[in-house]
Amino acid sequence: MAKTRTAFFCRECGNETSRWQGQCPACHEWNTLVEEPAAPRRAKAAAGASARAAGPVAAPVRLRDVEGAESQRWATGLAEFDFVLGGGIVPGSVVLVGGEPGIGKSTILLQVAGRLEGAEKRTLYVSGEESPHQVKLRADRLEEAAGSVTLLAETELDTILLRAAELAPQVLLIDSIQTVYTPELEGAPGNVGQVRECAARLQRFAKQTGTAVFLVGHVTKGGGIAGPKTLEHIVDTVLYFESAGGLDNRVLRATKNRFGGVDEIGVFRMTAAGLAPVGNPSELFLGERHSGASGSAVVATMEGTRPLLVEVQALAAKASYGAPQRVSTGLDHKRLALLLAVLEKRAGLTFGQLDVFLNVVGGLRLAETAGDVAVAVALASSVFDRPAPSDAVFIGELGLGGEIRPVGQVERRLSEAARMGFRTAYLSPRAVPQTLPSGIRAVPAEDVRALVGAIFG
């Protein structure tokens, strides 16, 4: 038997080398090379020839001669899903949906397929992990009627593309890309070479036929989509499902989108009948808030182009052990350490003998610096054991000198706060807009010492 040729592929950039190295010579990342069976050169050549024979030969054209640049999007009927995509499904696009096991990736794609069929859009749902009976059991639980969805239980890529060419669906859904394989490459499904080759051929199929392709991707322990990083570069849109442990709400976040905004989020609630869109996420995240408790503050944050009101909770208690704890959920722990140092140096609050616990309610991540002032107020409220004003929102970045800095899109943040019934906004004097939304007043604060003194003095 001929010896199987192997090569080493980088999980981050997909670079191929003939021998193992500690550092990838292309992207210079460490410990990212994995050994995988490599396709024989004849197989690669045959694959290229078959691809050229399958589709029309491309010819160069001028941009002014390109027709159909403003193609109409297909609405799925799930408002939050369409919002994250940028207004609906773009024909010929490739969308990668990632998330932890059991978070709802297959459920929402089956709901999308059912709604598209109801809108007279042909779909083909390819299941590589479940049998038709298992998919039918899930479909029976959904609110959407998914009985007209065409189902194919197959994992071989050539068969999938053959059936897709025969049925000519407008939307092709693959669950999941890690189970699909091509016999032209050696190795088990899910390895770097198989995932990269199958995704590339599906991408070519989408561009040649105008079919929108959805790929389900598994997530590793580190939180990234399994397979090479080039998988995310190949597709047009990358969506991540996020959830806090034990909560029913799900957050669908766009981390890459060639046809819409990045970092847009859609909020869903998991129910017995599937994923239900949440039309007012601010109300969801503030629904269980207790206005009389200390250590609580509300921030008007921006998720893409959507303003959200989120509660930040802090608890500062006397340390029970020698070294005080610093525990943060939803905020980077390094950012928390920085804010504690600023409060201690610029506002005179002492945390050296206190355990500090911080939580962003609802399982959201507070990534932007506009939440610094809210975190500082929540920490000060817990230290003084006095509640912050229940009708106030806090917007601003905290500098190392203790100054409160302005942030962008203040008008949209204040409009959302006024809509949710808040009456006061604490922010930098340079961030106060000329025209305030009806029902809300702005309280300017130069630095964190003045802010803490005005609220708890």
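Me: Which residue just after H9 takes a positive phi, and of about what value?
Reply: This is a predicted model, in which local features need pLDDT of at least 70, side-chain atom pairs count only at pLDDT 80 or more, and totals for chains, interfaces and linings use all residues. Residues are numbered from 1 along each chain as its sequence is written, and side-chain values use heavy atoms, with hydrogens and water left out. Helices (H or I, at least four residues) and strands (E, at least two) are DSSP runs numbered from the N terminus. The residue just after H9 with a positive phi is glycine 348, at about 80°.

Me: What span should the 14 residues of H9 have, and how far apart are its end C-alpha atoms?
Reply: The expected span is 1.5 Å times one less than the number of residues. For H9 (residues 333-346) that gives 20 Å, which agrees with the separation of its end C-alpha atoms, 20 Å.

Me: Which residues of H9 are buried, and what arc do they cover?
Reply: Buried means under 20% relative accessible area, exposed over 50% and partly exposed in between (1.4 Å probe, protein chains only). In H9 the buried residues are Leu336, Leu339, Leu340, Val342 and Leu343. They lie on the same side of H9, because the arc they cover around the axis, taken from the directions from the helix axis to the C-beta atoms, is only 160°.

Me: Which exposed residues does the face of H9 turned away from its buried side carry?
Reply: The buried residues have a cover that includes strand S15, strand S16 and helix H10. On the face turned away from the buried side, the exposed residues are Lys334 and Lys345.

Me: Which backbone oxygen lies 2.8 Å from a polar atom of the side chain of lysine 256?
Reply: Lysine 256 lies in strand S10 (residues 249-257). A polar contact is a pair of N or O atoms within 3.5 Å; within protein, one must be able to donate a hydrogen and the other to accept it, and residues adjacent in sequence count only if both atoms are side-chain atoms. The backbone oxygen of glutamate 232 lies 2.9 Å from a polar atom of this side chain. The one at 2.8 Å belongs to valine 235.

Me: With which side chain does lysine 207 meet in a salt bridge?
Reply: A salt bridge is a side-chain nitrogen of Lys or Arg within 4 Å of a carboxyl oxygen of Asp or Glu. The N to O distance is 2.7 Å, and the partner is aspartate 236.

Key. Contact means heavy atoms within 4.5 Å.
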